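Subject: Structure handover

Hello,

Here is the structure I said I would pass on. My notes on it follow below.

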Amino acid sequence: MNRNEQFSEIIFGMTSRRDFLKRSILVAAVVPVGASLLAACGGDDDDDAPEDSGDAGDQESTAGESEGDAAEPTEEDDSSSGEGQSGGQIALGINLEPDNLDPAVTPFAVSHTVMMNIYDPLVWRSVDGDFVPGLATAWEIADDGLTYTFTLRDDVTFHDDTPFNAEAVQKFLDRVIDPATQSGFAANLIGPYDSANVVDDYSVEVILSAPFAPLLDGLSQAFLGIPSPTAQEADPEGFLRNPVGTGFMKFSEWVEADHITLIKNEDYNWAPSIFNHSGPAYLDELTIRFFPDNPTRLAALEAGDVHVIEQLPDSDLSRMEGDDNYSVSKATSPGVPSILQMSTTRPPTDDLAVRQAVISAIDQETIVDVAMFGATDPAFGPLWENTPSYSADVESFYAFDADSAAQMLEDAGWTGGSGDIREKDGQTLTIDWAITESNDPYAELVQAQVREVGIEIVLQRMDTAASFEAIRNDEVNMRSIGWISSDPVILTNLYHSKNIEEGFGWTKYNDPRLDEVLDEGEQATDPAERDEFYGEAQQIIMENALCAPLFGIPRNMAIQQRYKDMGRDFRTYPWFYDTYIEE
Amino acid sequence: MTQYLLGRIAAMVPVLFIVSLIVFMMIHLLPGDPVEAMYAETGTSAERMSQIREELGLNDPLPQQYVRFLGDVFTGDLRSIRTRQPVFDQFRAVFPKTLQLAFASLVIAIAIGVPLGMIAADHQHSWLDYFSMTISFLGVSIPNFWLALLLIYAFAVNRSWFPATGADGLRALILPAFVLAVQQAALIARLVRANMVEVLQEDYIKTARSKGLPHRAVMWRHALQNALLPTITLIGINFGYLLSGAVIVETVFARPGVGRLIVDGILAKDFPLVQGAILLTALTYLVVNLLTDISYAFVDPRIKY
C-alpha cells in the first residue's frame, strides 16, 4: 500500500478528477511559470548546474555517496565530499503527520523519518546492509541464538542529561512488550523477546524465548531507538509528543497538523562510522512539515516553503530532474514491492491457472513507463530486489506473455472467442479488485492488459479501511499492498497461515511447507541458510501465484540544489546528519 | 432575554445527545477496523493486532462501547486511537485556525458579495446587473481545489507574494480565505440582489426618496438593512458549515483545521476522535446558530426575545 493513500483519499472520488485538472493547469500554467523559473536559475548558477544535475540523475550514487567505507572502523576521510559548513536550517515536506514519536508506540514510516534524527539505535545499518556499532560498540550472539550480549558506549547522554546505560535499554525493551503499551510495530521487531539482564552499567543481555534472526535489523531501526527512561517515566503520555533521545537533533516543538521542529544537539559526539563526519550535525534546525496532498507538497517545494520533499509525485519526476534548482534522489525501498494479493478461496482466483494467467498477462514494463512515469522499476516477486534473501529465481517465473496467459486459461477450461470474456461451466471469468486512490495511476491499465486475454477485472472503489475488510472477507479477489522492510521476515505477515484469520494473510493460502520455511527463515541465524529458506518461500509463493508483482515502491525525493550530502539509509529514509548548506 | 437564552442552552443537551448516538452508530456501521487501518502501512502480525483490539476494548458489545464513550466525554479522557492524544486537545489545537479561516473568508465574502448584490439590484436588468450576476455564477461554479492550485501557482510559486501552504500568520491566511470566500460571496451577492430588488419596490423606499434623501442613504440605510435579514441567516449557516466543511481547501493549502481532523479520523476509523470532534463541532454549530438568532435583534428592532 502506498503511504499517500489514506490521506489523499480525503477527497474520495474527486481526487482523480482533481489530479487531471491539476495536470491541465500545469500544462497551462507551467509553460510560462517553468520558463521564467528556468530563466531565473540560468542566470544564477549557469556554470555548475550541468554536473550537479548529472549526479542527481544517477540512481544509487546520491545514496551511496555518503556511505563512506562501512566496513572500516576508521573514518574521517573527507576526500570525496568536502567538509560541510555548519549552520542553517532545512525544512522537509512529508506526506503524513506522525501519530506520535514514541518508538515503542508508532507504526508509521513518517514517524521513522522524524525519529531517526532524535534517537540512536543500538546498531546502525549501513547503506549496504552491514551492521555497524551504534550505542552498542559490540555484540555477541550465543550459539543457541537465544542470548544477545551488547556492550554499550559509556559516553552517551540523553537530551535531558540522563546518562545512557544498560538500564535504559532494559526499561525500553520491557516497555515495548508490555501489553499496556499496545505496541503493534516495535513489539513485532523484537519478536520472541523474553527479558533483558543488566550485566553491568554498560553491558546488557537480551534474552529471547526462541531464536529470532531479524533482531539486529529490528534494533537498527528508529522504531527501537532508545528513549530516555527518565523523561518517559516522568510523563508517559506527554512523552508521546515530546520525545527525548540521544540523537543528533533534539525535539523542539510540535504544532498540531502543521509542523515539528528539531534543533541541533551540540553534545552529539557518538556518530557511527558510516557517516562522513563526527561531532554535532551541520544543520542547526530541521523542520518537518506535513502535506497530504501531492500537488501541494510539490508546490510547497517550488514556492520555497520547504527545501526538500519526500514522495516526489511520479508525474513530476522528469520535470524536476530537468530543473537545475533541484537535485532528485531516486530510490526504491526494500521490503514488499507493490503487489496484488490474490485470494485463493474466492472464485475465480481460487483456480491456480487464473492467478497464473493474471500475472502473465500483466506487462509491468508498460505500467512503470506509462502509468508510473518511469519513477520506479518492475517487480517480479513478493520481495523487492534489494531486500536481503531476495531470490532472483522469481524473475523467470512469469515473464509477460499474453499468448501463454491465454493458453493457460484455455488449458484450464476457460474458453471463449477472441475478445470475449472467458467462461467455464457457466461462470464468467470476472475478478473483483478493491481499489483505493493509490491504485488510480495504473488500475485501468492493468484492467486493460488482462482484458486482452479474456479476463474481466471489475474495479471496486472503496476507502482504505473498507477495502481491507472486503479482501479479508473474500468479498473481492484482489487488493494491492506494499511494505518497507529491511528483512524478509515481512513475508510472514502476508503468507503465514497464522495471519489468515485476523491479519494480512489475504491470499488465505494455507500450506504447512510454506509456514515451515517462513518459521525456519525467521529462526536461522546463518545468512546462507536464511537465503535458502526464504528462497523456497518465494518460490512457493510464485509457483502458486499468490501475488501479481507490479513495481518497486518509489521513494523519490527532490532537494534544493544548495543542500549537499543528504543521504538515504538502507531502508531509503533520509539521513540529515551529514547534510550542509553550500553558500 | 435571559430566560430565552437559558431555554435555548437547555435545548442543546438533547440535541448533542442525539448527535452523539447517531455519529456513534454511523461510524461503527461503516466497514473497516481502526487497528488494521493503522498497521496496514508497515505491516504487523494478526497476534499483535488482536492483542491491541482487546486492550482498546474494540471487541466489547457496542452498547458497552457507547457508554464508555459517554463516560470518557464527561471525564475528559476521550483519546484518539491513532495519536493517543486527548481528542479535546487535538480539537483545541486546530480550532483557532479553522475559526480564523472561516471568519476571514466570511469578511471577504461579505465585502465582495454585498456590494456586488447591491450594484446588481440598483441597476436591475442593466449590463452591470448581468455582469455582476455572471461573476457570481462563475464564483459558484469554480471548483475550489482548482482555484486553490491555480492561485498557489500564480501567487506563491511564480511570484512569492504569499506562502503556498501552512497557517503561519496573516499572509498564509489570505489565499485560502479568498478561495473559500469566492463561493460564499457569489451566494451572498445573489441573495442580496434578490432581496434588494424586492425591498426597493416598497412604499417606504419611495417615501424616503420623495423626502429627498440622497440615493446612497436610501440604499445603505433603508434598503440594505431590510434586505439583510435573510443574508444573515445564510451567513450564519455558512459560518457553521465552514467550521467543519473546509476540508478540501485545508488539504490543498496543508492548513490545520477541524474539517481535516474529522475526515482523517473517518478514514483511519479512529472512532473516539471522530465521535468527539463531531460532538464538539455540533456544539459550536449550535452556539453559532444561537448567536445568529441573537444578532437578528440588533439588525431588526422589531425582533425581541
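Is A:Asn265 buried or exposed? A:Asn265 counts as buried, because its relative accessibility is 3%, under the 20% cut-off. Please keep in mind that this is a predicted model.

Surroundings of A:Asn265

The residue sits in the loop between β9 (259-264) and β10 (285-290) of chain A. Leaving out residues up to four places away in sequence, A:Asn265 touches A:His159, A:Thr246, A:Gly247, A:Phe248, A:Met249, A:Lys250, A:Trp270 and A:Pro280. One of these, A:Thr246, is 19 residues away along the chain, and its C-alpha atom is 8.5 Å from that of A:Asn265. The side chain of A:Asn265 also reaches the backbone nitrogen of A:Asp267, at 3.1 Å.

Covered elements of chain A

Strand β19 (residues 547-551) of chain A is largely enclosed by the rest of the structure, because 5 of its 5 residues are buried. Strand β13 (residues 335-342) of chain A runs antiparallel to β19(A), and 4 bridges join the two. Within this pairing, A:Gln341 stands opposite A:Cys547.

Helix α11 (residues 294-302) of chain A is mostly covered as well, with 8 of its 9 residues buried. Among the buried residues of α11(A) are A:Arg297 and A:Glu302, along with A:Leu298 and A:Leu301. After α11(A) comes A:Gly304, which has a positive phi near 85°.

Salt bridges

Side chains of opposite charge can pair when their charged atoms come close. Over all chains, the count comes to 31 salt bridges. These are some that I looked at in chain A:

- A:Arg346 and A:Asp432 form a salt bridge with their closest N and O atoms 2.5 Å apart. This pair links distant parts of the chain, 86 residues apart: A:Arg346 is in the loop between β13 and α13 (352-361) of chain A, and A:Asp432 is in strand β16 (residues 430-435) of chain A. A:Asp432 is buried, at a relative accessible area of 11%.
- A:Asp487 and A:Arg530 meet through their side chains at 2.8 Å, N to O.
- A:Arg319 and A:Asp316 form a salt bridge at 3.4 Å, N to O. A:Arg319 is partly exposed, with a relative accessible area of 26%, whereas A:Asp316 counts as buried at 4% relative accessibility.
- A:Arg125, A:Asp217, A:Asp569 and A:Arg571 are linked in a network of salt bridges.

Where chain B meets chain A

On the chain B side, 57 residues are in contact with 70 residues of chain A. About 5,800 Å² is buried between the two chains, and carbon and sulfur atoms give 60% of that area. In chain B, the residues that lose the most area to chain A are B:Glu41, B:Tyr153 and B:Leu267, together 14% of what that side buries.

There are 4 salt bridges across this interface. One of the salt bridges joins the side chains of A:Glu237 and B:Arg79, at 3.0 Å from N to O. Between chain B and chain A, 22 residue pairs are in polar contact. Helices of chain B that each supply at least two residues to the side touching chain A include α5 (87-122) and α7 (144-158). The residues on that side of chain B divide into 31 nonpolar, 13 polar and 13 charged.

Regards

Key. Residues are numbered from 1 along each chain as its sequence is written. Chains are lettered from A and ligands numbered from 1 in the order in which they are written. This is a predicted model: local features need pLDDT of at least 70, side-chain atom pairs count only at pLDDT 80 or more; totals for chains, interfaces and linings use all residues. Side-chain values use heavy atoms; hydrogens and water are left out. Contact means heavy atoms within 4.5 Å. Buried area is the accessible area (1.4 Å probe) that two parts lose on being put together, summed over both. A polar contact is a pair of N or O atoms within 3.5 Å; within protein, one must be able to donate a hydrogen and the other to accept it, and residues adjacent in sequence count only if both atoms are side-chain atoms. Ala, Val, Leu, Ile, Met, Phe, Trp, Tyr, Cys and Pro count as nonpolar, Asp, Glu, Lys and Arg as charged, and the others, Gly among them, as polar. Buried means under 20% relative accessible area, exposed over 50%, partly exposed in between (1.4 Å probe, protein chains only). Two strands pair if DSSP finds at least two bridges between them.
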